[in-house]
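Please read the following walk through the structure with the model open beside the text.

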Amino acid sequence: MKKFYGIVGHPVIHSFSPAMHNAAFKTEGIDAEYKIFDIAPDSPESLANFCYEVDLNHIAGFSVTMPYKQAIMTYMDHYDPLAKLVGSVNTVKIEAHEDHGAPLLLGYNTDATGALAALNEKIPLSPGVKVLVLGAGGAARAIVYGLKECEANVHVFNRTMDKAEALADEFEVESIDYRLITKEAHFDIIINATSVGSTPLPKESILQTHQIDKDTVVMDLVTNPVDTQLLKEAKKAGARTIDGARMLLHQAAGQFEIWFGKPAPLKAMEEALYAKMKQF
Ligand code: ATR
């Protein structure tokens, strides 16, 4: 019987995930369809209902995005240790329960591995590599965790300093004052994990050209738009850049691998992602 997958979030109407996953299913000959499950935040019980009714609706797995990456954890029967450490779930796999038939919901997080894979395309993550992470929300948390695993020398900046300090303490990294983000401080990698530069304020940039060294690789996780003002500032500084589409692709590939236990057809997913992005 045909199985369903999809993305749970709000708003998700413009998500690129259906294009990537449906292309992967087609390439691999998998009889499944990936849909959009838009759940309005003013009715929290619908998230619960959605989780309780997965079996009924033939749902075999789903992606989770804002604002439910933390809230969904309540409904998981098991978490992957990485999801627990990161504190959020972006991937759920449904498994049949042998004893009483009610399915098990297994929670995973592919944001950290997705970000590292995107970085690895441009720069080797060798121990001691000096990285500045901007932000202290869910995305920043996943990335700081992943970077620590690579023994990177991580510094965290956040508008709300307390949050940066708490994150830095938890993962035993440094927190940093905005005034210390200079070209001279030289970071090998700078990652924007804040929402600064996203629609409806696409002209904003969390850093300016004069703060960025030409030997830095600047990655922005913002995907609306993909060519952000921060990446424009970085290019003006002569730095190399990685846009949010690369992480989007690799975190989706990680989801496919969790659901089907085999490598994702990356090329097909990439083509579908870029074709979809052209429509916007
Ligand atoms: P996500 O799960 O995508 O990381 P989040 O948890 O809401 O989303 O985190 C958003 C991040 O963007 C936070 O680090 C937030 O900073 P605060 O903790 O100070 O709120 C950051 N952010 C959002 N708007 C910002 C702005 N205008 N200037 C600087 N940082 C901003």
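The second largest pocket holds about 200 Å³ of space, where a pocket is, on a 1 Å grid over the protein atoms alone, an open set of points with protein on both sides within 12 Å along at least five of seven lines, and a volume is the space filled by probe spheres set on the points, which are joined across faces, edges and corners. This is a predicted model, in which local features need pLDDT of at least 70 and side-chain atom pairs count only at pLDDT 80 or more, while totals for chains, interfaces and linings use all residues. Residues are numbered from 1 along each chain as its sequence is written, and side-chain values use heavy atoms, with hydrogens and water left out.

Lining residues have an atom within 4 Å of a point, and the second largest pocket has 14 of them, with Lys-3, Ile-59, Ala-60, Ile-94 and Ala-96 nearest its centre. Strands S1 (3-9), S3 (59-64) and S5 each supply at least two residues of this lining, a strand being a DSSP run (E) of at least two residues, numbered from the N terminus. S5 gives the most, with three residues.

Strand S6 (residues 104-108) is itself mostly covered, as five of its five residues are buried, that is, under 20% relative accessible area with a 1.4 Å probe and protein chains only. Both faces are covered, with Leu-104, Leu-106 and Tyr-108 on one side and Leu-105 and Gly-107 on the other.

Turning to the ligand, 13 residues surround it, and the closest are Ala-136, Asn-158, Arg-159, Thr-160 and Lys-163. A backbone N or O atom of Ala-136 lies 3.0 Å from an oxygen atom of the ligand, whereas for Arg-159 a polar side-chain atom lies 2.8 Å from a ligand oxygen atom. A polar backbone atom of Ser-195 is 3.5 Å from an oxygen atom of the ligand.

A search of the whole structure finds one cavity of 30 Å³ or more, a cavity being a set of grid points where a 1.4 Å probe fits but cannot get out. The lining of the largest cavity includes Ile-181, His-186, Phe-187 and Asp-213.

Notes:
Buried means under 20% relative accessible area, exposed over 50%, partly exposed in between (1.4 Å probe, protein chains only). Helices (H or I, at least four residues) and strands (E, at least two) are DSSP runs, numbered from the N terminus. A residue is near a molecule or strand if one of its heavy atoms lies within 4 Å of it. A polar contact is a pair of N or O atoms within 3.5 Å; within protein, one must be able to donate a hydrogen and the other to accept it, and residues adjacent in sequence count only if both atoms are side-chain atoms.
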